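Subject: The structure to look through

Hi,

Here is the structure I promised to pass on.

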Amino acid sequence: MPNSIYRSMARFRCSVFGPTLLLLRVFTYMSCEDSPCQPAFTSDSFNFKVERTHLQKGRILGKVSFSDCGGPQRALFLSEDSRFKVDPDGTVSLKRAVILYDGHKSFSLHAWSSKGEKVTATVTVTHELRQSHHKHQREEDSITPEQPKSTPALPVLVFPKSSKGLRRRKRDWIIPPINFPENDRGPFPKYMVQFRSISDKEVQLQYSITGPGADQPPVGLFTIDRTTGVLYVTQPLDRETTDKYRLFAHAVAVGHGIAEDPMEILLNVIDQNDNSPEFTQDPFLGSVPEASPKGFEFMKVTAIDKDEPGSVNSDIRYKLVSQDPQKPSMNMFFLNPLTGGIQLNSDGLDREHFPKYTLIIEAADMEGHGLSSTCKAIITIIEGNNGGFFKVSTGPSKREGIITTAKALDFEEKSQHILSITVQSGAGVPNLTATVIVHVEDVNEAPVFSPAELMVVKPQSITDDSDLILYTATDPDTGRKQAIRYTTSSDPAGWLNVNNETGLIKLKSPMDRESPFVKDGKYKALIQAIDDDEVPRTGTGTLVIEL
C-alpha cells in the first residue's frame, strides 16, 4: 500500500472513509488495537538430525528462527543445556563435546524480544543413520554392517544362539580378545568393534556396555551406540596405567524384556615404545681401590623401563659414552652392556694424580637401538678400607699382621673389599705393600615389609571377600632366589584372609567398629612374610585398618 494512503488511514484509526476498495485495503494492511502482534519462534520445536552419536566441540547443528514483529531479527538466546550455544542470528552449535547416549537430546531454548518479552521453544538433536538402498540390501544378506568409507571394516562379535531353549554357559564359547594400541591419535571417538545379535532381524534390540571404563571408573572411556552396537573408545589408552579391561556387552529386546546372556570381552592394550629408560639414580657414586686388578667390578648402574616387561620395548642395553679425564688411558673402565656393571679395564690408577673420574653412561631400550637417556657415574680412587670396616694390628711375634672387622659387613651392600696392606720394616728398608681381597659370605636375612606399618581406611559396611590391600615384603638377599609366603600372625577378630603367594589381603567376615578388638576406630593385625631358605627367616608388618 502506498505510504501516503497508509498514513492517511492511520490517522482515522479503523474508520470507514472513501471508496469500498480503499476500506478493504485498509483492513488488509492494518490491524486494529484488538489484535496486537506477538514475538514468537517460527515453530514450537526444532529438530536437528546428525549422523553419529558422538558430537565434537564446535559442531554446528542448524539454525532456529525468531520473529520480533518487524523489529530486528537478531535476538538474545539462552539454552538451558550449557553444552549448546546459540548465536544472535539463531545458529546452534556445541560449546563442548556431546554424546547422544539415548540417540537423542532435547533442551529448552529461551529468546527475548526487543521489548524484553520471553519466548520458549524446544530443540531436539536426533541421531539418524544415513543408509542407502544398496546398504539395506547388504544388511539383508549379512549381519555385518557397512562402515563409512574412511573407516576400516569393523570386527563383529555375535551373541551366540541358545540351543533347545537351554540357557547358555560362558564356557560354551570363546570370545577372542580385542587388541587396541595405546597412544592412538584418533580422531575420537574411534570405532573398536561391533556387537550383533542373531535376533536383530526379528526384534528391535538395545545394546549397552558395563565394566571398568564404561559405567565404572574411569567412566566414559568406552561407549556403545545403543542402536547399532558399535563400541567406541573416547580417548587414547595408556598401557602403563591399565594394560587390560574386562567388559560385558548386553543386548535387550525393546518392549519384551528378553535379554541375551551378557558377553564377556577382554580388551588388551597393546604396548608401544613410549617410555625411555630411567636410571634409578643420577649420579651414581662409586669407589675403587687403586691397587685393584684389571677386570675387578666395583659398582653397577641400573635403569628401568616402564614399557611391557619382557618385550623388546623394555630390553635395555648400557653404553659408556665418555670418560673424564682420559688419563692415563682413555679406556680405564669397561661397562657391561647387559648388567650395567663397571669394571677396571686398565692398570695405572693413581689416586694422587687422578683422584676422580666422571663417566657418562647411556641406557637405550629395544636392545640399545630405541629410546635412550643418560646419567653420570662419579668414581673416586681410594687407598683401601673405605668406610672403616677393618682394623690391622701386629701379632705377638711382631711378624704377623692381624686383620679384624671393625663394623658388620653387608653382602648386599658390598660383596668384596680390597685392602692395601703396607709393612713398615724399619729404617733403610723400603715399605712393602700387599693386596688383600676380602669376600663377604651371604647369609639369609628376614624379608622386610615397606612400610613397616601400613594404614588403610575402609567403611565397616564393605562386603565379604572384598579386597582390602596388597601388603608385600621384599627379600634383602639379592644374591638368593627365594620365594616368600604370607600369613597372619595376629588377627584378633578373625576378619582377614591373606593370599599366601601374593600378599593380597581380603575381608573374610564383616567388620564391626564396635568390636572390642577395635581401639579408637582402628583394628590392628600382624602380617608375616616367610622365605623358603633351608633355615627360613620371618619378617613382620603391621596392618592398621581405620573403620
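A nonpolar core is a set of buried Ala, Val, Leu, Ile, Met, Phe, Trp, Tyr and Cys residues joined through side-chain atoms within 4.5 Å. Buried means under 20% relative accessible area, exposed over 50%, and partly exposed in between (1.4 Å probe, protein chains only).

This is a predicted model, so local features need pLDDT of at least 70 and side-chain atom pairs count only at pLDDT 80 or more, while totals for chains, interfaces and linings use all residues. Residues are numbered from 1 along each chain as its sequence is written, and side-chain values use heavy atoms, with hydrogens and water left out.

First, the whole chain. It has 547 residues, and 36% of them count as buried. You'll find four helices and 41 strands (DSSP runs numbered from the N terminus: helices are H or I with at least four residues, strands E with at least two).

Now the cores. The largest one has 28 residues, and Phe195, Ile209, Phe222, Ile265 and Leu267 touch the most other members. Several strands supply at least two residues each, among them β14 (190-197) and β19 (263-270). The largest share, five residues, comes from β18. What is Phe195 in contact with, beyond its neighbours within four places in sequence? Its partners include Leu157, Tyr207, Ala249 and Ile265 (contact means heavy atoms within 4.5 Å). There is also a second, separate core of 26 residues, which includes Phe296 and Leu335.

β2 pairs with β11 (residues 118-127) in the parallel sense, over six bridges (strands pair if DSSP finds at least two bridges between them). Val50 has His127 in β11 as its bridge partner.

The chain averages a pLDDT of 79, and 81% of the residues score at least 70 (pLDDT is the predictor's confidence in each residue, from 0 to 100). Over residues 131-152 the pLDDT is below 50, although this stretch has 20 contacts in the model beyond near neighbours in sequence. Residues 163-172 are also below 50, with nine such contacts. Where pLDDT is low, the predicted coordinates should not be read in detail.

Cheers
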